[in-house]
Amino acid sequence: MEIEQTYLNDCYLISPRVFADSRGTFFESFNKKKFEELTGHCVEFVQDNQSTSQKGVLRGLHFQMGNFAQAKLVRVIQGSVLDVAVDIRPQSETLGQHFSLVLSAENNKQLYIPQGFAHGFLVLEDDTIFSYKCDSYYNKASEGGIIYNDKSLNIDWKLPEDAFVISEKDKELPTFETLFK
Ligand SMILES: Cc1cn([C@H]2C[C@H](O)[C@@H](COP(=O)(O)OP(=O)(O)O[C@H]3O[C@@H](C)C(=O)[C@@H](O)[C@H]3O)O2)c(=O)[nH]c1=O
């Protein structure tokens, strides 16, 4: 397993070591001890989530507030997404900045998104399966979000917006400025 710090503090890119043989492949999708040794961060994941989506689906940008803030370890099991993590920690030097990358079943990359970030992804292939671990339980009352096309965040989603499929809830999300005014 290789872990690289991204330019956003505490946000890590993880590349598992993949073993291939005549049967297929094997890799450790999570190893708590190695993760903690390599990042210096203690993690206690309590919930695993999985979603399936068709090409063009955009989920996000989401976070949970207060005591229900969630760190997430995200990956793609089938297909591919453009994954985006936005630093919304009020005291952070990189407040409002984001990190994005393609996560796919082919590259097996994972992103560790710490608490205090908003997260979203755009699905790049039909029948994509997205899987993630969270260190805090889902709590509907603590859900927050930012509109995906927020002007100040300026995220390049790489595909034309008119093809996006977005939930009614996500279309109504506030701007970054509204949250941080
Ligand atoms: C996130 C979540 C949703 N649900 C329910 C609520 C709702 O009826 C249904 C679908 O929920 P949503 O529309 O919020 O699903 P989705 O838009 O996929 O939400 C997810 O988006 C990505 C970007 C994230 O980062 C996640 O943390 C999560 O917020 O599933 C749970 O029961 N547990 C959960 O942990």
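Two strands pair if DSSP finds at least two bridges between them. Strands are DSSP runs of E with at least two residues, helices are runs of H or I with at least four, and both are numbered from the N terminus. Residues are numbered from 1 along each chain as its sequence is written. The model is predicted: local features need pLDDT of at least 70 and side-chain atom pairs count only at pLDDT 80 or more, while totals for chains, interfaces and linings use all residues.

Stop 1: Select residues 72–78, which are strand β7. Five of its seven residues are buried, where buried means that 20 or more other C-beta atoms lie within 10 Å of the residue's own, exposed means 12 or fewer, and partly exposed is in between, with C-beta atoms placed from the backbone. Pick V76 here, and F130 in β12 is opposite. At V74, the bridge partner in β10 is L111.

**Stop 2: the sheet.** Show six strands together: they form an open sheet in the order β1-β2-β10-β7-β12-β5, with antiparallel pairing. β1 (2–5) and β5 are at the edges, and each has a single partner strand, so one side of each has no neighbour in the sheet. From one strand to the next the twist averages 20 degrees, taking axes as lines fitted to C-alpha atoms (for helices over the stretch in contact) and angles from 0 to 180 degrees between N-to-C directions.

Stop 3: Keep β5 and select residues 128–134, strand β12; seven bridges pair the two in the antiparallel sense. S51 has F130 of β12 as its bridge partner.

**Stop 4: the ligand.** Select N49, S51, R59, G60, H62, H119, G120, F121, Y138 and S167, the residues around the ligand. A residue is near a molecule or strand if its C-beta atom, placed from the backbone, lies within 6 Å of it. β5 (47–53), β6 (58–64) and β11 (117–123) each give two or more residues to this shell. The shell has two nonpolar, seven polar and one charged residue; Ala, Val, Leu, Ile, Met, Phe, Trp, Tyr, Cys and Pro count as nonpolar, Asp, Glu, Lys and Arg as charged, and the others, Gly among them, as polar.

**Stop 5: a loop.** Go to E93, in the loop between β8 (80–87) and β9 (98–104). E93 is exposed, with 9 other C-beta atoms within 10 Å. Finally, select G56: its C-alpha atom is 32 Å from that of E93, and the two residues are 37 residues apart along the chain.
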